[in-house]
Structure formats: structure tokens, C-alpha cells
Amino acid sequence: MVDVLENCNISQEMKCPEPINMTSNKNGCDSEPLFTYIWAVESRFALLSPHEIESPAFFEGSVLNARWSLIISEENGSILCYLRRHNDSGQRIIEIFFEIALLDIGGNALILDSIWHAFGKDECFGNSSLALIDDVFGSRNKDFVSNQALTFRCRIFTQRRGQTNRGLLCYARTRLSIEQESFIWVIEKFSILPAGVRESKSVSKTPSVFLTYYMLSQESKEFLMVILSTSLSIRFIFRISIIDSAGRAYKCDMYNGSIVSTKEFPVIDKDYLMNRNTLLLPKDVLTLRCELIIGSGIAWNRLESLF
């Protein structure tokens, strides 16, 4: 999948920490929107995608004769959101007033950003930081997320034409491809595990994702390492725990990020385990618990209704 932002000209506004007052900024345009687009993005684990997420395109043919879509992504702890005009058959430049909002479970705007902009063809424009990830998926998760979906609303207004009736209303839905795997990994005869010998386990088939462990020998020390490898770009959350003789998590590390091929993670120093072999290596067996969440992009995208 090609990142959609690579194929269009991007303009960005300065970050606005407070919602903009819609009424005071849309002077000169109709009181009712020409088009309202409501887009639900389904994901159990934030916006876990290696690429920007683009909505199904929506077309307004009665006035602007233009095609639009929304684009969202995560960066530096923020949700970024842009409105994209496609390379359509409308006028070369179209000036609109538009607002983008994040809705609560009752359909009310909790975060709202709005601006006038003159769109050229194949141009993206919007606020570089619409909301904080920790706010939306953390402290205020119950306000923003309903049925594991985050809902955006885009309303487009035109220069005053005397429109008093509400325009088109469109609903769309996108589901992200998310996989969650959890398993216990038992390494027997750990004390004599040869350096460099690798053992792999498949954790996903589409895309093909593997976890591999091996012992790394470095400067007279040995370290247990784990490799995450993939056939396609993914974003991931990976947690690995060392389980003690009582079945408790003695040591736990969590990693997250994006990879296109492989990434290595250090687990533990072998000497550390050997010095605590009664607790951590009962019968010379090391027990690991691995938990992995994988996001590989959009599973499906569709327009659901148009009124």
C-alpha cells in the first residue's frame, strides 16, 4: 500500500490547542453545510496502521463537482487529520469552509477544527494535530470510542449561495486489519543453549510474521535475543515476560513501533538467569510469555449510505 500523502501536495495549519468557534469563522458562507460526511474507523488498539488511513472517497456533484476524502494518521503522540481533494473534474481551484470534528458516542463534537481554504486538485490540507492519542484512547476513551470505533465528521460549506436546506449526508466505515496473538514459549535445556542457534514461531500468516529467539555471544557475555520479522510493513505492540517458578511475571518489557523487515529486542543476560536458576530456570527451563498486536493497514473500506 502506498502512503497516500506521498501523492498529493500537503499544506498544514499551525496546531490549535482549543476547538475553533465555528460560528465566528464561517462568515460569508451558507448557514447549512453542502455536504456532511461521517466516518467511523474501527480499531481495538488505537490507530495501529503502518500507513496513513484514507476514508472512502465521497463525491459532491450538484455544486462543486469534486471528490473528497479524509486522511488520518498518528505522529508524535497526536492524531493528524487532513481533508483531501482528488484529481477530479471540478474547477481548478475550489474555495470552501470546512470543519473536521471528533465525535462522542452521542454524535456531538468533542474536538472541532475549522478553516477556509482554496483547494487545488490533488491537494491535502488540515490541522497537523487534531487530538492527543493519550486523550482519545486513554483518559477519555469512554467519551470518544464506541463499539471499538472512532468517529470523525467532516462538513463542507460553500460561499453564500442562499442554501438553507441541509445538503447531502454520507456515512462511511473503515476497519483496520488488527491481529492479536499471545502464547507461552518454553525453552528447554537453557543452560546449554548454543550461541547462534535459532528457533522460530509463526505468529501471523497475513502478513507473514515470525518471532525468533537465539543466544547472542558478545565479549565473553551471552544475551537472549528475540527477532520480530515480517513480509510486509506493520505497526506492532510487543510485550515479552519472563515467568518464574510460581507462574508470575518476573520481568516484563514492552516495545512498539513500525517495521518493514526485521527488528531485534534484547531479552536478558544469560548470567543473570543462571544466578537465579531456582526461581527463573526450574529444571533448566526458561518460560517466556509473548503478547503481540499487529496492525497491517486497512482491512476494508466502504460507503454505507448517502442521503
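# Reading a predicted model by its definitions

Q: Why is Asn 76 called exposed in this predicted model?
A: Asn 76 has a relative accessible area of 75%, and the word exposed is used for values over 50%, so Asn 76 counts as exposed.

Q: Where does Asn 76 lie, and what is its phi?
A: Asn 76 lies in the loop between S5 and S6, and its phi is positive, about 50°, although Asn 76 is not a glycine. Most residues other than glycine have a negative phi.

Q: What makes Glu 219 buried or exposed?
A: The relative accessibility of Glu 219 is 73%, and because the cut-off for exposed is over 50%, Glu 219 counts as exposed. Glu 219 is found in the loop between strand S15 (209-218) and S16, and it too has a positive phi of about 50° without being a glycine.

Q: How do you know that Leu 228 is buried?
A: Leu 228 has a relative accessible area of 0%, and buried means under 20%, so Leu 228 is buried. Leu 228 is found in strand S16 (residues 221-230), and, leaving aside residues up to four places away in sequence, the residues it touches include Val 209, Phe 236, Ile 259 and Leu 292.

Q: What makes a set of residues a nonpolar core, and how many residues has the largest one here?
A: The residues must be buried, belong to a list that includes Leu, Ile and Phe, and be joined through side-chain atoms within 4.5 Å; the largest such core has 40 residues, and those with the most contacts inside it are Leu 83, Phe 152 and Ile 156. Among the elements that give two or more residues to this core are strand S2 (35-42), helix H1 (133-139) and strand S12 (149-157), while S7 gives the most, with 5 residues. A second, separate core of 30 residues includes Tyr 213, Leu 224, Ile 242 and Leu 292.

Q: What does Phe 152 touch?
A: Not counting residues up to four places away in sequence, Phe 152 touches a list of residues that includes Tyr 37, Trp 39, Leu 70, Cys 81 and Leu 130.

Q: How many residues of the chain count as buried, as a percentage?
A: Of the 307 residues of the chain, 47% count as buried.

Q: What is the mean pLDDT of the chain, and where is the pLDDT below 50?
A: The mean pLDDT is 87, and 88% of the residues reach 70 or more, whereas over residues 1-24 the pLDDT is below 50.

Notes:
Residues are numbered from 1 along each chain as its sequence is written. This is a predicted model: local features need pLDDT of at least 70, side-chain atom pairs count only at pLDDT 80 or more; totals for chains, interfaces and linings use all residues. Side-chain values use heavy atoms; hydrogens and water are left out. Buried means under 20% relative accessible area, exposed over 50%, partly exposed in between (1.4 Å probe, protein chains only). Helices (H or I, at least four residues) and strands (E, at least two) are DSSP runs, numbered from the N terminus. Contact means heavy atoms within 4.5 Å. pLDDT is the predictor's confidence in each residue, from 0 to 100.
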